[in-house]
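Morning, everyone. Please have the sequence and the structure open side by side. I'll start on one chain and then move to the other.

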Amino acid sequence: MTKTAGVALAAAFFVLAAAASLGVGPVAISPARALEVLGAVARLGRAGLPPDMARDAAILIDVRGPRTALGALAGAALALGGAVMQGVFRNPLADPGLVGVSGGAALAAVAWIVLGEGLSATLPPALNALALPVAAFFGGLAATALLARIATRDGRTEIAVTLLAGVALGAFVAAVTGLLVFLARDDQLRTFLFWTLGSLGGATWVKAALATPFVLALVVAIPALARGLDAVALGERAAFHSGVDVERLKRLALLGVAASSAAAVAGAGAIGFIGLAAPHLVRLAIGPSHHALLPAAALAGAGLLLASDVAARIVAQPAEMPIGVVTAAFGAPFFLWLLMRRRGKLFG
Amino acid sequence: MSGLVAEDVTVRLGGREVVSGASLEVRPGRVVVLIGPNGAGKSSLLGALSGELAPASGRVSLDGEALSAFRPAELARRRAVLAQATELAFAFTVDEVARLGLPAGLSRAEADAVVSQALLAVDMAGKSRRICSELSGGERQRVHLARVLAQLASAPDGRPRHLMLDEPTAGLDLSHQLATLSLARRHAEAGGGVLAVLHDVNLAAMAADEIVALKAGRIIARGAPAEVLTDAVMREVYDVEARIGVAPPGPFLLPQSVRLV
């Protein structure tokens with residue numbers, strides 16, 4: 001497949017998944033109907049709509065719209081973050097979780113759930129709803145910042161040290177998280193457990209808007225990162241020889257991935273597997289060159305997360321499955337099948 | 001002063017002195033070859049001249065300016081480096097790897113022309129769609145040489161461009177060894193400087209305008225091939241007894257025995 005065709009295919013998949021995310025549910029809304037309703041909203045305003053249109057407008061704009069936006073942002077951030085991390089680490093196993101983002105976010109989330117209860121009662125409801133994602137965001141960022149500090153000496157960030165320290169830091173953070181889980185009441189435990197499995201059920205436009213700048217920043221950085229990541233595939237020395245400021249590239253990549261993945265995890269919970277698998281799927285189709293890989297992975301990740309969310313909504317109707325269960329339950333076997341068929345093509 | 005110049009350069013790695021007070025010059029149009037036993041500091045000296053290793057003392061300059069003053073991107077326009085071994089991650093094709101060397105700012109047509117010419121020069125044009133990691137070691141080495149040639153092929157700005165090759169002939173068959181050295185010679189004839197590390201003393205004698213022999217981080221001898229390829233120097237540098245002959249235009253060496261400790 002050519003690179004352009006690959007990016008176009010990923011874009012088409014994303015559009016289809018977004019349409020499904022807007023249309024699928026107890027009230028089915030076809031893409032044509034959705035356009036009709038949104039057109040009417042634009043012309044008449046929400047107050048002037050006939051009742052059946054008002055109902056569909058409410059579903060589209062208040063419920064499925066933010067859910068679709070947040071899902072797309074989170075999926076794009078995780079997949080793009082995975083692709084960038086795999087490139088920087090030159091390691092096919094890397095994903096945003098490896099640099100402490102998910103662990104740090106989970107620790108902050110459980111800390112807020114268990115210890116923040118008193119504070120939570122004093123906050124106005126609008127702020128209270130955002131307190132958990134904001135805590136998770138800063139928890140994720142703080143873990144990565146600590147990791148970067150540990151692995152950087154004399155201005156050089158050692159990749160092998162980053163990987164090992166990431167594992168060690170992850171274990172320690174998980175231990176503290178475990179301690180808080182041990183202290184938690186049953187209802188707190190349930191809240192935390194569902195948060196770790198991921199869900200777009202609590203999506204609001206405010207949450208989507210808060211995540212947007214961080215995800216957008218990484219998307220905008222794609223052209224700046226792509227050439228450097230391609231060169232780093234030759235090793236850091238050869239990348240330097242070919243004109244890449246490798247230390248700057250690593251700092252930029254780490255910061256961009258940490259901020260956007262923390263925003264994704266904060267908004268949608270710790271959704272696994274998309275950050276690992278989406279870049280590999282794209283690489284198999286169009287090769288490892290980052291100019292095409294990064295945008296295609298972002299689109300594919302957004303599409304995968306939305307498709308998983310649609311599945312999560314319909315498999316156990318009227319209940320909703322956690323998305324993390326869907327991404328892993330469908331994604332992992334598919335990925336294993338792919339590995340068995342195309343082994344060796346993955347990392348060269 | 002144009003060219004790559006090292007003045008009294010000392011390099012330390014992990015607290016150990018690997019190059020001690022080395023001075024050499026690679027002038028435009030000249031091919032300089034570093035020889036010496038394993039661990040003599042050849043690659044470290046090359047690393048100091050490429051900007052990859054900061055010398056602990058001494059001065060390294062490129063066309064009269066201190067090397068440390070260059071940003072990586074500027075440096076890449078003025079010199080290209082072929083490392084001893086390049087471990088490529090992911091399944092890049094031959095064509096994609098050669099393109100990794102391209103400087104920014106070339107038009108698509110220029111880039112295509114530069115890459116196809118570089119692949120032709122290393123005899124890999126017929127395999128440009130192949131996955132690099134599926135090639136033999138020697139073929140991979142040639143692809144990386146093409147990448148390095150492409151790096152120096154940007155629009156001419158009148159400045160000399162320098163080529164630095166760390167064991168470029170390792171793993172190559174005889175004809176491609178000679179082809180690689182001809183490429184280096186052609187680069188010098190086009191006005192660039194060449195600094196190469198070679199293990200084969202006879203190839204060095206054939207390729208070099210000047211040979212620099214290192215041992216334990218120090219330069220033991222420096223000069224035209226006929227001045228460096230002598231019984232005494234070979235004994236001192238390699239602990240090897242050798243017979244030196246002359247096959248015009250230069251000397252050659254036939255190893256006889258080694259002194260084992």
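Find A:Val206 first. This residue sits in helix H9 of chain A. Keep in mind that we are looking at a predicted model.

Exposed would need over 50%, and buried would need under 20%.

A:Val206 belongs to a nonpolar patch.

Next, what UniProt says about chain A. The entry is unreviewed, and it lists "transmembrane region" for several stretches, including 127-148, 160-184 and 204-226. Take residues 204-226 in the model. That span is 91% helix and 0% strand. Its end C-alpha atoms lie 32 Å apart. Now take residues 160-184. Here the chain is 96% helix, again with 0% strand. The end C-alpha atoms are 36 Å apart.

One more annotation. The unreviewed UniProt entry gives residues 1-19 of chain A as "signal peptide". In the model, this span is 89% helix and 0% strand. From end to end, its C-alpha atoms are 25 Å apart.

Over to chain B, and to strands. Go to strand E9, residues 210-215. How many bridges join E9(B) to strand E10, residues 218-223? There are 5, and the two strands run antiparallel. B:Leu214 stands opposite B:Ile219 in E10(B). B:Ile211 has B:Gly223 as its bridge partner.

E9(B) and E10(B) make a hairpin, with 2 residues between them. Check B:Ala216 in the turn. Its phi is positive, at about 50°.

Strand E3 of chain B, residues 31-35, pairs with E9(B) over 4 bridges. This pairing is parallel. Within it, B:Leu34 stands opposite B:Val212.

Why is E9(B) described as largely enclosed by the rest of the structure? Because 5 of its 6 residues are buried. Buried here means under 20% relative accessible area.

On chain B, strand E9, paired antiparallel with E10(B) and parallel with E3. That's it from me.

Notes: Residues numbered from 1 in each chain as written. Chains lettered and ligands numbered in written order. Predicted model: local features only at pLDDT ≥ 70, side-chain atom pairs only at ≥ 80, totals over all residues. Heavy atoms only, no water. Patch = residues over 30% accessible without salt bridge, like charges linked within 9 Å, V, L, I, M, F, W, Y side chains within 5 Å. Areas by Shrake-Rupley, 256 points an atom, 1.4 Å probe, with all protein chains shown as cover. Salt bridge = Lys/Arg side-chain N within 4 Å of Asp/Glu carboxyl O. UniProt positions renumbered as here; feature names shortened; annotations may be inferred. Pairing = 2+ DSSP bridges. Buried < 20%, exposed > 50% of the residue type's maximum accessible area, 1.4 Å probe, protein only.
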